[in-house]
Amino acid sequence: MEIKQADKRFLLFLILLGAGLSIVAYMPRMGSGTHLEVRINGRETASYPLSSDRRQTISCPDGGANTFEIKNGAVYMREADCHDKICVGMHSISKPGETIVCLPHKLVLAIAASDEKRAPEPDAVTGFANKQE
């Protein structure tokens, strides 16, 4: 059975469409964030504007501490007393959706675009809305 020219074009179209959708889905959101959200154990504990430089130490419930710095609209983890210090080696973040995570301390630093409250989004694993109280 021979593949016709129209079938080849349709297959090429599907491949290009799939590649384009993959790029859009996995690319970080464009634009710049307006503030940093600090979450410990999944709960937002603080929010800081990216417009002003600051250095802040966060004390975690397990007794650990992390120090992050906001400088020129970007955030990076300066110090951590966890055993692996992977979070310290992560690159700086500045775009909405980007995060720095310290798993031993259950700490997440996340860039957000605005102060507006968002509706809970479905969890990628369970499909249920993530309700934070």
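Modeller: L14 sits in helix 1, residues 5–26. Helices here are DSSP runs of H or I with at least four residues, strands are runs of E with at least two, and both are numbered from the N terminus. The model is predicted, so local features need pLDDT of at least 70 and side-chain atom pairs pLDDT 80 or more, while totals for chains, interfaces and linings use all residues. Residues count from 1 along each chain as its sequence is written, and side-chain values use heavy atoms, without hydrogens or water.

L14 is partly exposed, at 40% relative accessible area. (Buried is under 20%, exposed over 50%, partly exposed in between, with a 1.4 Å probe and protein chains only.) L14 belongs to a nonpolar surface patch with F10, F13, L17 and L21. Patch members have over 30% relative accessible area and no salt bridge; nonpolar side chains (Val, Leu, Ile, Met, Phe, Trp, Tyr) are joined within 5 Å, like charges within 9 Å. A salt bridge puts a side-chain nitrogen of Lys or Arg within 4 Å of a carboxyl oxygen of Asp or Glu.

Now the aromatics. The structure holds 1 aromatic pair. Y48 and F68 make this tilted pair, 5.6 Å centre to centre with 55° between the planes. (Rings of Phe, Tyr and Trp, the last by its six-membered ring, pair with centres within 6.5 Å; planes under 30 degrees apart are stacked, over 60 edge-to-face, the rest tilted.) Y48 lies in strand 2 (residues 43–49) and F68 in strand 4 (residues 65–71), 20 residues apart. Both Y48 and F68 are buried.

(Angles run from 0 to 180 degrees between N-to-C directions of axes, lines fitted to C-alpha atoms, for helices over the stretch in contact.) Strands 3 and 4 share 6 bridges; DSSP must find at least two for strands to pair. S59 has A65 of strand 4 as its bridge partner.

Notes. Areas by Shrake-Rupley, 256 points an atom, 1.4 Å probe, with all protein chains shown as cover.
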